[in-house]
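Here's a quick tour of one model, going from a loop residue to the charged pairs. Have the viewer open as you read.

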Amino acid sequence: MKLASLPQGRDGRLIVVSDDLAWYADADHIVPTLQGLLDEWDRYFPLVEALSIELAHEAIPRKRFHEREACAPLPRAYQWVDGSAYVNHVELVRKARGAELPDSFWTDPLMYQGGSDDLRGGREPLVLADEAWGCDFEAEIVVVTGDVPQGATAEQALRHIRLVGLVNDVSLRNLIPSELGKGFGFVQSKPASHLSPVFVTPGALGDAWQGGKLARTLCVDLNGKPFGRIEAGEECTFDFGVLIAHLAKTRKLGAGSIVGSGTVSNRGADGSPGKPVADGGRGYACIAEQRMVEAIAAGEAATPFLKWGDSLRIEMRDAKGKSIFGAIEQSVVKG
């Protein structure tokens with residue numbers, strides 16, 4: 001089942017979307033918002049699922065679904081945290097700022113808590129006030145949980161995943177070092193994140209959803225050219241069960257918690273940081289990784305961070321080439 005929200009009030013209006021993302025049916029007569037569905041999942045899920053089946057059989061009135069009209073599936077959430085499923089990414093960006101990677105990072109996930117009161121849609125512009133801040137995109141996978149009890153194991157945590165989607169976890173790279181230098185985490189360097197137009201239940205992902213990992217290619221285009229074609233199911237050090245269990249070690253999680261994978265990242269076949277798509281590699285899901293590879297090869301980074309007027313597209317397709325979550329497609333604008 002695929003779910004989305006159309007703009008209405010602060011929390012949007014719940015709709016069900018057809019598998020091909022062409023049609024939708026209103027679900028707000030069952031439960032007004034996606035958060036409401038997550039709060040009362042056992043009560044409302046069978047009804048919303050039945051509506052989705054009726055939509056698939058064209059048994060109810062339907063309307064054309066346009067991704068550009070959707071807001072974030074959850075315009076605001078009770079919690080947004082981002083993990084480090086792809087430790088290769090963490091290693092590369094730490095090298096870029098001269099920091100060593102402790103061995104524990106391969107066994108104990110990193111996680112930070114971001115702002116969840118302003119989550120933006122996939123077609124909303126990326127607003128950047130100052131190009132000197134070093135704006136970077138980070139293409140990631142996210143899951144949305146139901147209520148998760150404190151102390152849940154990784155295996156138990158997987159059973160509490162309700163939805164899967166994509167996110168652009170925007171980073172202001174040039175603000176990060178001074179913030180982390182204070183020893184208290186990200187704030188200003190992590191502006192609003194952008195969610196994919198559609199979230200999908202794990203069961204609807206079929207074989208692509210394997211043990212808390214999403215085994216499909218994450219496609220990233222920058223200014224109309226391929227920037228990343230990264231295999232999300234490979235080199236994923238921590239599955240989402242592990243990430244959720246890490247978060248729930250000392251507290252329970254409320255329904256509607258969004259957990260990110262961290263930037264999807266692959267090494268090259270020879271164990272190197274890999275190559276850009278233009279050079280025959282899989283490329284990258286953020287600019288920082290490509291800059292790091294350039295610095296290793298040539299002594300300095302060449303690819304600039306995002307500028308006003310740049311365009312970005314993040315998408316994942318199924319085995320038949322159809323978009324799974326819709327596209328995060330946005331332009332960088334001056335704010």
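## A loop residue

Leucine 21 sits in the loop between strand 2 (13-17) and strand 3 (23-26); strands here are DSSP E runs of at least two residues and helices H or I runs of at least four, numbered from the N terminus. Leucine 21 is buried at 7% relative accessible area (buried is under 20%, exposed over 50%, partly exposed in between, with a 1.4 Å probe and protein chains only). Its C-alpha is 7.8 Å from that of serine 323, 302 residues apart along the chain.

This is a predicted model, so local features need pLDDT of at least 70 and side-chain atom pairs 80 or more, while totals for chains, interfaces and linings use all residues. Residues are numbered from 1 along each chain as its sequence is written, and side-chain values use heavy atoms, leaving out hydrogens and water.

## Salt bridges

The whole structure has 18 salt bridges, each a side-chain nitrogen of Lys or Arg within 4 Å of a carboxyl oxygen of Asp or Glu. In one of them, arginine 123 meets glutamate 67 at 2.6 Å, N to O. Arginine 123 lies in the loop between strand 6 (111-113) and strand 7 (126-128), and glutamate 67 in the loop between strand 4 (63-64) and strand 5 (79-83), so the pair ties together parts 56 residues apart in sequence. Arginine 123 is partly exposed at 26%, whereas glutamate 67 is buried at 16%.

Lysine 190 pairs with aspartate 169, with the closest N and O atoms 3.0 Å apart. Both residues are buried.
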